[in-house]
Amino acid sequence: MSGASGPAIRPAAPADAARLAEIFNQGVEDRVATFETRLAEAEDAARWISEDVVVVMERDGEVAGWAKAGPYSDRDHYYDGVREATMYVAREARRQGLGRELLGALAGAAREAGAHKLVGKIFTSNEPSIALVRGLGWREVGVHLRHGKLDGEWKDVLVVEKLLGDEVGEPMLSSR
């Protein structure tokens with residue numbers, strides 16, 4: 001088809017909810033990126049859109065991927081400005097550079113929303129996602145061993161973080 005539009009990143013809209021759930025469900029089914037085993041409904045995605053920072057990558061008029069910065073903890077007063085990043089790309093659009101653009105856009109949108117840091121957890125077996133965050137300058141914090149079970153098997157997760165904004169510098173370590 002000629003005249004196809006290139007990729008565009010924008011904030012998620014309520015009308016995107018069904019497609020976000022569909023892409024999320026592909027991730028659940030593939031078992032490579034989330035401990036979640038329950039498929040999402042459009043109502044779940046609508047809640048993410050209304051409560052979190054969510055950006056979508058639209059390609060040829062259809063959402064091909066999305067990323068969100070949700071609460072790091074239910075104790076937001078302790079972790080004000082820290083958001084947990086998650087990202088899902090449709091199967092047919094994976095390994096085409098969308099993730100790089102999505103995470104970059106998410107960082108900007110999260111910063112605009114008041115975040116100073118994004119954190120993430122990646123299965124240690126998910127080499128493409130680990131390579132992606134490394135390439136984007138995310139810092140590897142460490143590995144949570146046996147962090148959870150998926151389909152009866154223990155999974156380890158790599159914890160990563162990305163500081164946002166002009167205040168980014170060397171970590172302040174206590175001298176204990």
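Leaving aside its neighbours within four places in sequence, which residues is Asn25 in contact with? The views below start there. This is a predicted model, where local features need pLDDT of at least 70, side-chain atom pairs count only at pLDDT 80 or more, and totals for chains, interfaces and linings use all residues. Residues are numbered from 1 along each chain as its sequence is written, and side-chain values use heavy atoms, with hydrogens and water left out.

**View 1. Asn25 in helix H1.** Beyond the neighbours within four places in sequence, Asn25 touches Leu39 and Ala40 (contact means heavy atoms within 4.5 Å). Asn25 has a relative accessible area of 12%, so it's buried (under 20% relative accessible area, 1.4 Å probe, protein chains only). Helices here are DSSP runs of H or I, at least four residues, and strands are runs of E, at least two, numbered from the N terminus.

**View 2. Thr34 in the loop between helix H1 (17–30) and helix H2 (42–51).** Thr34 counts as buried because its relative accessibility is 11%. Its side chain reaches the backbone nitrogen of Glu36 at 3.0 Å. Setting aside neighbours within four places in sequence, Thr34 is in contact with Gly27, Val28, Tyr88, Phe123 and Leu150.

**View 3. Lining of the largest pocket, with strand S4 (82–89) among the contributors.** S4 gives the largest share of this lining, six residues. H1 and H2 are among the elements that each supply at least two residues.

Key. Buried < 20%, exposed > 50% of the residue type's maximum accessible area, 1.4 Å probe, protein only. Polar contact = N/O pair within 3.5 Å; in protein donor to acceptor, adjacent residues only side chain to side chain.
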